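Please keep the sequence and the model open while reading.

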Amino acid sequence: MRKRIFAGDIRCHIIFVVALCAAGIAWVTIQGCGEEEAEPPIAVKPNSAVSSGEMKVPETVAAAPKAPGVGQPSVKAVGYYKDWKLTKPLSGTVASGTTFWIKVMFSEPMKHVAADDKTARPILYYKIDKELTRFRVAKHGASGEDFVSGDAKPLKNGTDDYICKYTVPKEAVGTFTVAVGRQSTDKDGNLLPTFYTHKEKLPIVPKDTVSPTVLSVTYYLDSTRNLKVNPTTEFVSEGTDIYTEVVFSEPVTPSITYTSGNNVDRRYTLSKQYFGIHRHDTYKPTDPTGNSFLCRSTARKNTFSVTVTAETDDLAGNRLAKSVIAPTLVVRPRVPDTGTVIPTDPSVKIAVIPTIIDERSIVGRISIPGIGERVKHRIEAQPVVGAIVTIVSGPRSGEQIMTNQNGQYLFRNVEGGRLHLRVEKVGFEPKEVTVHKSGPTQMSDGTTSKFYKGPQNTPGTILLGHRWPDEVRFILERTKAVDDLLFVRVSFPVNWGGQYSDGVAMLHTKNVGGIANILGVIAHEIAHAHQQAVIPLNSRGRFDEISKWENTPEARAYAGAQRKDWGQFGKAKYETIGYSANLKENAAEFCAYFWSIGRWNRDIHSDLKQVAPNRLKWAQTWLEKQ
C-alpha cells in the first residue's frame, strides 16, 4: 500500500514537473520571441499614407543570445532634418505633406538585414501618437534620391548610423517621434537593453498654405530706430543713411530692394555680421523669430523708396501675393546741416532775411555744437536747417517760422525786444528759451550759459542737441549735470566711442555697436557732465575745467571706495584696460555701470553688490541731486 502510494506519488510528481516545464517553456517563448512588453500588440493592416512595404507587425524572431563579456548596444542619438544630407536640423513643428529625414545613431555597428517585413534589422519605427509603424530597411545608399517614404538605410559603409525618410500624410494628426525595437541587435547578437522611444516629439500641424503679408515698412535715421522719418511730411538730405524696418506677418526669407537716384533697383543682402557694424545695402533680423528685418542704405538724388518683392517666401514656401512698394521719401540736395530731416508743412514759411534789418525785428540762428575732433564744441557750432521756431507766450503765441539754409529765423515787429520761443525738429531735443535782441539767450529757468564764449551768448542764438535716447532720461532727472547739457551723434574718424566737452555729450556712432554699448557710452559722458557740475564755478561764474573734479570731496570719496573694492575683490574687467590710471575716467565708467543696473545689459562680470559694494554705496550717496 505504501509502495503503491509512493509510486503514485512519483507519477504525480512527474506529471506536475512536466506540466510546470511546459508552462515555463510557453512563458519563455512568449517573453523571448515576441516584441518587448513595453510595445503594445499591433495588428497587421495596410497604411494608406505610405507604400504597402511598411508593415505594422509585432516581432516574432527569437532573441539572439548575448555573447559573453560583450556589452549591449544603445541608441546614441536621434535627430530630425530637412534634407537627406542631414545639414539642416528640423525642430518645432512639422506640417502635413512635409518630407523630412531622421538620423538614428547607435553606439556600435548593428546587425543589418534589408527587408520590408518583420525580418528587417535594426527595428526602426515611427510613432504618431500611440500608433507604431515600422520602417523598411534597405541596402546602403549614397544619396537620398532613391528613398521613398518609410525607407531606412545605413549611412555610407557602416551600420551604426541609419537615415530614414518620411512624408507626413495630409490627414495625419498628433505628434511624431521615433522608436527602436528591443530585438535590434549588434553584430554579436546582443539586444538593446530596452525598447527605445525618442524624447523629442514633433507636433504635426496643418500645412501652411497662406501667403505672408507685409505689416509695415518704416524709415529711420538710426539703427536703434529712435529717429523715425515720416515720408508724407518730411524729406531727407542727399547722402543720408536710411534704416528701413520691414515687419512681416510671419517668419520669412525676405527679398527687399530699394531705388534711389538713378531709379535702378538695388537688392539688400543678408549681413554676415549680426553684431557690430551694419554695412550698407544689407539687412539684419531684428528679432529671433524672423518676422522683422532692418535694412541700411544711402539716400541719393531726388527720391528714395523700398520694395518688398514677391520673391519673399515664408518657411512653408508660400510667396508674397504681390510686391509691396513703400511710400517714397523726397531727397533734397545736401545743405550744411547736421540734422537731415526737414518738415515740409506748407503752412510754415521759411525765414527770409533781408539785407537791412529794422530795429523792431529779432533775427537769430539755430545751431548744433560742432563736430571737430579737437575743438571747443560750443564755439564750432553748425546751422540747423528746417527747424520750426514757435512763439509760445504773449499775444503772438502760436506764430511760427522755419529756419533757412543758414539756420536763421526772423520775427518782425517784436514788442519789448524779447521772445519766449520753442524750437523743434525731428531727431532733436525740443528746447524752450527766451531770446533777447541785445542780450544772451536765457534757458527756461532764466539762467544764461556758464560756458566761456558759448554761442548762446550771442543775441538770438539757440543751441540744439539730438534727441536723448529714452533709456537714459532717468539719469538726467536724478543726477546733477551741467546746465543745458546737449547730446550730439556724429560719424567722425576718431578712435573712441564718445567724448565730453563744454556741456556736450558726443557719441561717435561708427565706433559703437549695439544698443547696450551705445547707452553705456552716453551714460559715461553724462557722468562727465555730472563731474563738471560738482566743481565750484570759477571767479567769473562759469564752469571750470573738468580735470579739477579730482580735487573735489566727491572724487576723494570715490578714490577711497575704489581702493577698498580693489583690495577686497581686485579690479573689474573694464578696469584692466587703461581706465584705472585715470580717476575721472574710471569713475565715469563705474557710473555708467551703476545706472545700467536693471535697465540695459553691459559687459560686467558680476553684480556690483558682490564686486564693488563700496563704490556702489558711493554712487547711491553722491550721484543723486542734492
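In what order do the strands of the open sheet of 6 strands lie, and what is their pairing? The order is E13-E12-E15-E21-E20-E19, and the pairing is mixed. Strands (E, at least two residues) and helices (H or I, at least four residues) are DSSP runs numbered from the N terminus, and two strands pair if DSSP finds at least two bridges between them. The edges of this sheet are strand E13 (228-229) and strand E19 (269-270), each of which pairs on one side only.

The model is a predicted one, in which local features need pLDDT of at least 70 and side-chain atom pairs count only at pLDDT 80 or more, whereas totals for chains, interfaces and linings use all residues. Residues are numbered from 1 along each chain as its sequence is written, and side-chain values use heavy atoms, with hydrogens and water left out.

**The chain as a whole**

The chain has 7 helices and 38 strands. Of its 626 residues, 47% are buried, where buried means under 20% relative accessible area, exposed over 50%, and partly exposed in between (1.4 Å probe, protein chains only). Among contacts (heavy atoms within 4.5 Å) between residues at least 6 apart in sequence, 63% join residues at least 24 apart.

Strand E21 (residues 292-298) is largely enclosed by the rest of the structure, because 7 of its 7 residues are buried. Ser-292, Leu-294, Arg-296 and Thr-298 point one way from E21, while Phe-293, Cys-295 and Ser-297 point the other way, and all of them are buried.

Strand E15 (residues 241-248) runs antiparallel to E21 and is joined to it by 7 bridges, with Thr-244 standing opposite Cys-295 of E21. Strand E20 (residues 282-285) is also antiparallel to E21, here over 4 bridges, and Tyr-283 has Cys-295 in E21 as its bridge partner. The hairpin of E20 and E21 has 6 residues between the strands, and in it Gly-290 takes a positive phi near 85°. Further along the sheet, E19 and E20 run parallel and are joined by 2 bridges; the bridge partner of Leu-270 in E20 is Tyr-283.

**The sheet of 5 strands**

Another open sheet consists of 5 strands in the order E1-E3-E8-E7-E6, with mixed pairing. Its edge strands, each pairing on one side only, are strand E1 (75-81) and strand E6 (136-137). Within this sheet, strand E3 (residues 99-106) and strand E8 (residues 161-167) pair in the antiparallel sense over 7 bridges, and Phe-100 stands opposite Tyr-166 in E8.

Arg-136 lies in strand E6 and counts as buried because its relative accessibility is 9%. A polar atom of the Arg-136 side chain lies 2.9 Å from the backbone oxygen of Ser-149.

**Val-205 in strand E11**

Val-205 lies in strand E11 (residues 202-205), and at 29% relative accessibility Val-205 counts as partly exposed. Leaving aside neighbours within four places in sequence, Val-205 is in contact with Thr-93, Val-94, Ala-95 and Ser-96. The C-alpha atoms of Val-205 and Ala-172, which are 33 residues apart along the chain, are separated by 8.6 Å.

Two packed helices are described by the angle between their axes and the distance between the axes. Axes here are lines fitted to C-alpha atoms, for helices over the stretch in contact, and angles run from 0 to 180 degrees between N-to-C directions.

| Helix pair | Angle | Axis distance |
|---|---|---|
| H4 (residues 553-569) and H5 (residues 583-596) | about 75° | 11 Å |
| H4 and H7 (residues 613-622) | roughly 160° | within 7 Å |

Angles under 35 degrees count as roughly parallel, over 145 as roughly antiparallel, 65 to 115 as roughly perpendicular and the rest as oblique. H4 and H5 are therefore roughly perpendicular to each other, and H4 and H7 are therefore roughly antiparallel.

Where H4 meets H5, Ala-555, Tyr-558, Ala-559, Gln-562 and Trp-566 of H4 contact Leu-583, Asn-586, Ala-587 and Phe-590 of H5. The residues of this contact of H4 with H5 divide into 7 nonpolar, 2 polar and no charged; Ala, Val, Leu, Ile, Met, Phe, Trp, Tyr, Cys and Pro count as nonpolar, Asp, Glu, Lys and Arg as charged, and the others, Gly among them, as polar. In the contact of H4 with H7, the H4 residues include Pro-553, Ala-561 and Phe-569, and those of H7 include Arg-615, Trp-618 and Trp-622. The residues of the contact of H4 with H7 divide into 9 nonpolar, 3 polar and 4 charged.

Terms used: A polar contact is a pair of N or O atoms within 3.5 Å; within protein, one must be able to donate a hydrogen and the other to accept it, and residues adjacent in sequence count only if both atoms are side-chain atoms.
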